[in-house]
Amino acid sequence: MAYKKGCSKCLKWALVSSASVALVFIIRMILCFSLQQDILPGCEQDAVCRSDADMLDYLLSQGQISQHDGLLVTWYHAANSQKEMRAALSSDAVALEADVTVEGLGTVNETGVPIMAHPPAIYSDNTLQQWLEAVLASSQKGIKLDFKSIKAVGPSLDLLRRLTEEGRVRRPVWINADILRGPNMPIPIEVNATQFLALVQEKYSKVTLSPGWTTLYLPLFPKGTYTRAMVEKMQGLVEGLPQKVTFPVRAVMVRAAWPHFSWLLGQSERYSLTLWQATSDPVSVDDLLYVRDNTATHQVYYDLFEPLLSQFKQLAMNTSRKQSYYTGGSLIPLLQLPGDEGLSVEWLVPDIQGNRSTATVRLPDREGMILLKVGLQEPAAGDPVPIVRAPDGRALTLEFCLLQLATRPGRWGIHVHIAEPTALRPSLATLATLSTLGHLPRPVWVGTTVSHGSFVVPGYVTGRELLTAVAEVFPHVTVAPGWPEEVLSSGYREQLLTDMLELCQGLWQPVSFQLQAGPLGQSAAGVVARLLAGSPRATVTVEHSPGWGSYASVRAVLLAARAVERTRVYYRLPQSYYQDLLADVGRK
């Protein structure tokens with residue numbers, strides 16, 4: 001009986017013990033689930049709830065912005081101390097920027113612990129671990145960490161990796177450091193570029209990189225800005241990396257260096273800019289609007305102070321304001337929406353009425369690229385004058401034509417086709433003058449048939465002369481070279497492509513290769529793809545005219561070119577042919 005009673009007690013305690021273990025397990029699960037809910041508030045889409053996710057995709061998914069627009073992303077600067085961090089977390093900002101260094105950096109008290117402080121401060125009441133714990137547990141805000149010392153990078157990335165592996169980092173993380181010496185900097189204070197990039201790849205590669213330049217703004221020398229060499233060096237460092245990259249650019253310096261940043265953005269769809277402002281920088285709203293006009297809305301973030309940000313935002317959102325475009329820029333977004341087809345851009349031929357001093361230009365009531373075929377008029381005295389010739393022989397000066405077009409509202413660009421070799425440099429000089437005077441706020445293409453390599457034909461501009469003249473006289477254009485008809489009887493042969501690509505290799509300007517539809521139809525497959533592969537900014541323009549055959553004779557060729565690439569292939573066609581192509585692809 002005693003044995004049974006003892007067994008009964010054992011059984012009872014066993015049951016109680018089992019129940020307790022089960023209860024503890026259930027409580028732990030509930031707590032873990034609750035904790036996870038607190039850490040990951042509202043982020044349910046795996047594709048955007050990652051440390052390497054696109055910032056706009058993430059914020060849009062969380063309802064913090066209404067569209068893919070970097071201007072809608074608001075930032076809180078220097079959220080470093082406990083007090084500033086709490087203020088940042090309670091603010092309306094959707095992204096936080098904070099500075100990371102090492103405690104006691106450069107002193108005998110250096111600990112190697114990453115802390116939140118901006119130099120010259122080397123102590124803080126907030127470690128990176130404390131900062132991340134608070135931000136991840138109580139907000140959905142994006143994160144940008146600005147590293148001021150290479151010593152802080154490794155330990156910080158180790159911490160981020162651990163938190164990510166625990167499932168706690170479910171938002172975009174930007175890793176920033178100034179890794180190259182930039183404008184006006186007399187001494188090297190940048191973070192070591194090689195070490196920084198290597199540490200990111202080794203320890204925590206699932207991020208967005210934000211590599212910048214050290215800068216110094218000098219009011220006495222306001223034109224000091226980023227050089228082409230600085231921008232090209234940065235591109236050389238990051239072009240082979242897998243991450244998205246947003247380049248921090250000092251806003252007060254961006255307009256003067258816009259040709260370089262336009263080039264940089266064109267090198268990869270992974271790239272964006274983040275314009276930032278120091279507290280005393282006299283940033284111009286007009287400069288910001290210029291950047292806005294010449295980029296897609298997802299390509300630029302604006303980390304600016306009030307009241308400048310609100311003033312800029314109000315004007316930027318006004319669709320009726322007059323816009324200004326870079327002559328050497330893409331047709332996106334002026335004539336072609338981001339991701340839309342090149343087929344959306346129509347080529348227009350002006351109608352010249354009258355002659356000489358009484359001539360006027362009339363254009364179709366449509367938007368697109370205005371084609372001007374330019375020759376040279378030798379006056380009895382003075383310099384030769386570039387003139388625009390109409391198909392019926394009437395003409396007016398290129399300068400007069402462009403000045404009339406400058407008053408035309410709407411969306412349009414200029415395609416100057418040099419019909420006579422001697423007109424090249426005078427035409428470029430005219431373009432340069434009008435651009436300097438502010439009369440050419442549109443994308444400009446300069447093209448001609450060139451003679452080079454295996455397609456040397458007398459009577460055409462040499463390929464080297466085209467590129468040299470552009471570089472020396474007016475480099476801010478898209479170059480549009482084509483092949484002589486005399487060499488195209490068998491289509492675009494391999495050597496013709498090889499020599500043209502060799503000519504344009506490393507060209508700083510965008511290039512649009514001009515292809516005739518008829519010879520393209522006689523060519524081996526792969527011509528369009530081969531040319532587009534020459535550069536990320538390369539495009540192809542397929543042209544045809546009634547003198548070369550009917551639309552039906554090249555219909556298959558045009559559709560085949562479209563099948564290769566839609567956004568980077570344009571079509572220079574008569575209006576009736578253009579409408580037929582639109583109808584064939586269902587866009588009419």
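How many helices and strands are there in the protein chain? Keep in mind as you look that this is a predicted model. The protein chain holds 19 helices along with 22 strands. Taken along the principal axes, its C-alpha atoms fill a box of roughly 125 × 65 × 45 Å.

Now for the chain's interior and surface. Of the 588 residues in the protein chain, 50% are buried. The accessible surface comes to about 26,700 Å², and carbon and sulfur atoms account for 55% of that area. As for contacts between residues at least 6 apart in sequence, 71% join residues at least 24 apart.

Helix α4 spans residues 128-138 and helix α5 spans residues 150-165; their axes come within 11 Å and cross at roughly 35 degrees. The crossing of α4 and α5 is right-handed. On the α4 side, the contact is made by Leu128, Gln129, Leu132, Glu133 and Leu136, while α5 brings Ser156, Leu159, Leu160, Arg162 and Leu163. Sorted by class, this contact of α4 with α5 has 6 nonpolar, 2 polar and 2 charged residues.

Follow the chain onward from α4 and you come to a loop. Serine 139 sits in this loop, between α4 and β4 (142-147). Is serine 139 buried or exposed? Its relative accessibility is 5%, so serine 139 counts as buried, the cut-off for buried being under 20%. The side chain of serine 139 also has a polar atom 3.4 Å from the backbone nitrogen of lysine 141.

Methods:
Residues numbered from 1 in each chain as written. Predicted model: local features only at pLDDT ≥ 70, side-chain atom pairs only at ≥ 80, totals over all residues. Heavy atoms only, no water. Axes fitted to C-alpha atoms, helices over the stretch in contact; angles between N-to-C directions. Helix = DSSP H or I, 4+ residues; strand = E, 2+ residues; numbered from the N terminus. Left-handed = near helix turned anticlockwise from the far one by under 90°. Contact = heavy atoms within 4.5 Å. Nonpolar A, V, L, I, M, F, W, Y, C, P; charged D, E, K, R; others polar. Buried < 20%, exposed > 50% of the residue type's maximum accessible area, 1.4 Å probe, protein only. Areas by Shrake-Rupley, 256 points an atom, 1.4 Å probe, with all protein chains shown as cover. Polar contact = N/O pair within 3.5 Å; in protein donor to acceptor, adjacent residues only side chain to side chain.
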